[in-house]
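Subject: Structure for you to look at

Hello,

Here is the structure, with some notes on what was found in it. Please open it alongside this email.

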Amino acid sequence: MDFGFTEEQERLRTEAVEFARNELASDLVARDAESGFDRELWRRCAEFGILGSNVPTEYGGQGRDVVTTVAIMEALGYGCPDNGLTLALNGQMWAVQEPIQQFGTEEQKERYLPLLISGGYGAHAMSEPASGSDTFALETTAEKTDGGYVLNGRKTYIGLAPVCDVALVFAATDPTVGRWGITAFLVEGDASGLTKGGNQPKMGLRTGPFGDLVLEDCFVPDSARLGPEGAGASIFTNSMDWERSFIFASHVGSMARQLDDVIQYARTRRQFGEPIGKFQSVSNRIADMRLRLETSRLLLYKAAWLLDSGDAAQLYSALAKLHLSESFVASSSDAIRIHGAKGYVSEYGVERDLRDALGGVIYSGTSDIQRQVIARLMGV
Ligand SMILES: Cc1cc2nc3c(=O)[nH]c(=O)nc-3n(C[C@H](O)[C@H](O)[C@H](O)COP(=O)(O)OP(=O)(O)OC[C@H]3O[C@@H](n4cnc5c(N)ncnc54)[C@H](O)[C@@H]3O)c2cc1C
């Protein structure tokens, strides 16, 4: 068992932190206030090779293994405090590109992977107004017709929906058989009958756009189907192993940055003639933040190691998703308390992490659902 990074991984992590600090710095407080998505930052990430890190070289990617890619994404989050941007990058990599890589035909891989990793936008569209946690209770339908399918329905709260070039859309091809009648489709952003909603205002993660996708008699050719008819639920479940395992990779980096910040603050902020770090109430919080960071890292890399090995990761992806999301909330809350009023006002950016973190206990399956998955997989 080896808990260290290789020299190459260390080098890539250092480069990612430097890239993030030099190329992704922006007036984040202002952009957060106006829910501004910066396409230029996305383009720079693509150019640096973030989106293509674990995509095979024949499609223009870097062909790196999962552990290395996750290590880079963690480092990116450490150097870049823009959680909305890093979440959107991770969402596209793990929940759109990965399913195309695994289940796509050669033609689909050649058409979409180079597009996405060079700065295109991909959305993963499952949730609907009436189907959130009850994932497979879809009302969106895909009716077979000559040469393709006609899709009708509405997808809600979809990351990158307002800007997407392609959306992985799940729809019922046979509503009478529940999850066995769900099929996945790659719907192009300019498809006739697809309407991309505007950027819906939200509590946090404001710098990553999200919104609705509406399908009204939207025709897609047979070649747009990802996997066989009826395989949509399996493709979704597999894609959740990846998304839940790694969508927080960059937020773990954020937790490491938070820790550096609070240590620095606890050493320099003085009250009652002493640095506040001398007070055990403050230092205990910092110790708890370190513990959450370490346990989060262990789960993150355990899941990465499992998926690199080709092992089943459903249990560890649920454990990772639950623990990382709740840890980010708890540590963001501790960071605010340690900073006092400076933590609460917007100008220092400390409070933004908590608003961003709270989204994490909802997307990709709520914490309640992760606990259910974990209990079920243990035979409870
Ligand atoms: C920031 C953000 C980004 C998102 N991005 C995407 C995206 O890119 N693509 C996409 O498809 N979706 C996305 N979503 C939607 C997300 O996946 C759903 O919001 C989530 O699955 C929960 O569904 P819901 O909101 O309908 O809540 P509901 O399912 O209505 O749940 C409401 C409450 O009831 C609880 N609950 C429900 N069922 C059970 C149960 N069986 N046992 C115990 N408790 C239960 C839930 O835990 C929750 O507390 C995103 C959401 C957010 C907030």
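**Ligand shell**

The shell around the ligand takes at least three residues from domain 2 (123-230) and at least three from domain 3 (235-377). Please keep in mind that this is a predicted model. The ligand has 20 residues around it, and Ser127, Gly132, Ser133, Thr366 and Asp368 come nearest. By class, the shell around the ligand holds nine nonpolar residues, 10 polar residues and one charged residue. Strand 1 (122-125), strand 3 (148-159) and helix 13 (367-377) each contribute at least two residues to the shell.

**Domains**

The domain assignment divides the chain into domain 1 (7-121), domain 2 (123-230) and domain 3 (235-377). Between the C-alpha centres of domain 2 and domain 3 there are 30 Å. Nine residues of domain 2 and nine residues of domain 3 take part in the contact. On the domain 2 side, the residues that touch domain 3 are six nonpolar and three polar, with no charged residues.

Strand 4 pairs with strand 1 in the parallel sense, over four bridges. Glycine 122 has valine 166 in strand 4 as its bridge partner, and histidine 124 stands opposite leucine 168. Strand 1 is also buried on both sides: Gly122 and His124 point one way, Ala123 and Ala125 the other way.

Strand 4 runs antiparallel to strand 5 (residues 182-188), and seven bridges join the two. Here alanine 171 stands opposite threonine 183 in strand 5.

What does phenylalanine 170 contact, apart from its neighbours within four places in sequence? The residues are Ala125, Met126, Leu138, Ile182, Ala184, Gly232 and Phe236. Phenylalanine 170 lies in strand 4 and counts as buried because it has 27 C-beta neighbours inside 10 Å, where 20 or more are required.

Strand 2 (residues 141-145) and strand 3 are antiparallel partners over five bridges. In this pair, lysine 144 stands opposite tyrosine 149 of strand 3. The hairpin that strand 2 and strand 3 form has two residues between the strands, and glycine 147 there takes a positive phi near 75°.

Strand 3 is also joined to strand 7 (residues 210-221) by nine bridges, and these two strands run antiparallel. Isoleucine 158 has glycine 211 in strand 7 as its bridge partner.

In soluble globular proteins, nonpolar side chains tend to be buried together. The largest nonpolar core in this model has 106 residues, and Val70, Leu151, Phe185, Val187 and Leu300 have the most contacts inside it. Helix 10 (residues 314-339) supplies the largest share of this core, 10 residues.

Which residues does phenylalanine 185 contact, leaving aside its neighbours within four places in sequence? They are Ala142, Tyr149, Leu151, Val169, Ala171, Val220, Ala224, Arg225 and Leu226.

Aspartate 217 has a phi near 45°, which is positive in a residue other than glycine. Its place is in strand 7. Is aspartate 217 buried or exposed? It counts as exposed because it has 10 C-beta neighbours inside 10 Å, and the limit for exposed is 12 or fewer.

Phenylalanine 272 also has a positive phi, near 55°, in a residue other than glycine. This phenylalanine 272 lies in the loop between strand 9 (270-271) and strand 10 (274-275). With 7 C-beta neighbours inside 10 Å, phenylalanine 272 counts as exposed.

Regards

Methods:
Residues are numbered from 1 along each chain as its sequence is written. This is a predicted model: local features need pLDDT of at least 70, side-chain atom pairs count only at pLDDT 80 or more; totals for chains, interfaces and linings use all residues. A residue is near a molecule or strand if its C-beta atom, placed from the backbone, lies within 6 Å of it. Ala, Val, Leu, Ile, Met, Phe, Trp, Tyr, Cys and Pro count as nonpolar, Asp, Glu, Lys and Arg as charged, and the others, Gly among them, as polar. Domain bounds come from an automatic or database domain assignment. Two strands pair if DSSP finds at least two bridges between them. A nonpolar core is a set of buried Ala, Val, Leu, Ile, Met, Phe, Trp, Tyr and Cys residues joined through C-beta atoms within 7 Å. Two residues are in contact if their C-beta atoms, placed from the backbone, lie within 7 Å.
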